[in-house]
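Please read this report with the sequence and the model side by side. Find each residue as it is mentioned.

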Amino acid sequence: MAAEIHSRPQSSRPVLLSKIEGHQDAVTAALLIPKEDGVITASEDRTIRVWLKRDSGQYWPSIYHTMASPCSAMAYHHDSRRIFVGQDNGAVMVAHQNRVSAIIFSLATEWVISTGYDKCVSWMCTRSGNMLGRHFFTSWASCLQYDFDTQYAFVGDCSGQITLLKLEQNTCSVITTLKGHEGSVTCLWWDPIQRLLFSGASDNSIIMWDIGGRKGRTLLLQGHHDKVQSLCYLQLTRQLVSCSSDGGIAVWNMDVSREEAPQWLESDSCQKCEQPFFWNIKQMWDTKTLGLRQHHCRKCGQAVCGKCSSKRSTYPVMGFEFQVRVCDSCYDSIKDEDRTSLATFHEGKHNISHMSMDVARGLMVTCGTDRIVKIWDMTPVVGCSLATGFSPH
């Protein structure tokens with residue numbers, strides 16, 4: 001185990017405060033203990049460890065507990081000092097038949113809600129240990145969020161869908177299904193104040209869903225080069241922090257007026273030059289021309305050919321931090337100021353499979369398959385404000 005302390009740089013980027021090593025396998029979850037200099041970690045090496053910071057600045061394991069099976073998920077309730085651990089064998093008080101992917105504890109109802117690779121979400125009573133209910137999906141249930149006031153559960157699965165469920169004492173009802181990702185949903189974050197749901201997926205993208213306004217998908221964010229593994233929305237500063245498996249850390253400015261990406265239009269011919277696409281046999285025969293490949297402009301959504309969409313541009317107001325295909329007319333309409341980035345991107349320099357934040361202190365902890373846990377000071381990036389409770393270290 002080792003810890004590295006770095007001085008604060010002048011540029012606005014996350015500051016690595018400590019690096020914790022000691023697990024023998026991938027670290028699946030790491031959580032900061034609120035108001036204390038401590039970290040709780042769970043690992044595939046079957047151990048749960050509580051690391052406390054010593055006077056030397058290093059973190060040493062103060063509690064070390066070995067489970068019966070590799071640890072796959074963890075939840076910690078600070079007020080009651082309870083840790084809930086999901087395991088690879090499906091155990092969370094014997095709730096699943098396969099690997100547990102996510103756990104949430106509700107103190108008000110004394111429920112432990114969990115999802116797993118047995119394609120189900122379950123909720124159990126912590127007082128009696130009894131199973132209260134289960135709901136099955138057609139794919140592995142990969143991530144979970146829960147609204148404590150309404151008892152709504154959001155479950156992402158490996159088919160790319162998100163299911164909204166209303167949980168009752170012994171039953172549940174499906175409210176709606178959200179479809180928008182082209183890969184498995186890997187992480188979710190629910191903001192109960194603005195009633196926004198954020199989802200990250202293996203298609204490297206993030207979608208913001210307007211649940212409160214019942215508008216469905218409202219924003220697509222593309223800026224990561226690998227699958228998005230963790231999300232955290234900062235309510236007071238209106239920033240979204242996301243981490244990907246290649247070590248990418250992004251901070252998105254959500255306190256701006258953004259545009260929703262258009263739905264892609266379908267056409268048998270280019271909607272600019274009217275040349276036929278290659279499946280439009282009739283028009284190809286009538287005009288004695290070869291069919292063209294169909295593309296789509298990311299700004300207007302029109303179906304266009306390659307010649308009419310020869311330009312590439314970023315368009316951050318619509319979430320496109322990378323250069324994407326746009327038709328020539330849309331390219332001409334984009335001003336230089338429209339290309340100004342609305343996110344900052346940073347390199348975590350290690351695999352990140354899980355991230356959590358202590359918003360009050362502006363701290364973030366990341367962990368992953370490289371067995372390393374890193375603690376970051378995020379205040380240079382997300383801001384240092386009395387309104388958020390942040391203070392310089």
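Predicted model: local features only at pLDDT ≥ 70, side-chain atom pairs only at ≥ 80, totals over all residues.

Residues are numbered from 1 along each chain as its sequence is written, and side-chain values use heavy atoms, with hydrogens and water left out.

Helices (H or I, at least four residues) and strands (E, at least two) are DSSP runs, numbered from the N terminus. A residue is buried under 20% relative accessible area, exposed over 50%, and partly exposed in between, with a 1.4 Å probe and protein chains only.

Two strands pair if DSSP finds at least two bridges between them. Strand β2 (residues 27–32) pairs with β3 in the antiparallel sense over 5 bridges; Ala-30 has Thr-41 in β3 as its bridge partner. Strand β4 (residues 47–53) also pairs with β3 in the antiparallel sense, over 5 bridges, and here Ile-40 has Val-50 as its bridge partner. Each pairing is a hairpin, as the table shows.

| Hairpin | Residues between the strands | Turn residue with positive phi |
|---|---|---|
| β2 and β3 | 5 residues | Lys-35, about 65° |
| β3 and β4 | 3 residues | Arg-46, about 80° |

Residues 20–51 are 0% helix and 59% strand, with end C-alpha atoms 9 Å apart. Residues 178–211 are 0% helix and 62% strand, and their end C-alpha atoms lie 10 Å apart.

**Aromatic rings**

Phe-277, Phe-278 and Trp-279 form one aromatic cluster. Phe-277 is buried at 0% relative accessibility, whereas Trp-279 is partly exposed at 36%.

Tyr-331 has two charged neighbours over its ring: Lys-311, at 5.7 Å from the ring centre, and the charged end of Arg-339, at 5.0 Å. Such a charge counts if NZ of Lys or CZ of Arg is within 6 Å of the ring centre and within 35 degrees of the ring normal.

Ser-313 is in strand β25 (residues 311–315) and is buried, with a relative accessible area of 1%. Its side chain makes a polar contact of 2.9 Å with the side chain of Arg-339. A polar contact is a pair of N or O atoms within 3.5 Å; within protein, one must be able to donate a hydrogen and the other to accept it, and residues adjacent in sequence count only if both atoms are side-chain atoms.

Where is His-350 found? His-350 is in the loop between β27 (343–347) and β28 (354–358), and counts as buried at 5% relative accessibility. The side chains of His-350 and Asp-370 make a polar contact of 3.2 Å.

Technical notes. Phe/Tyr/Trp six-rings, centres within 6.5 Å; stacked < 30°, edge-to-face > 60°.
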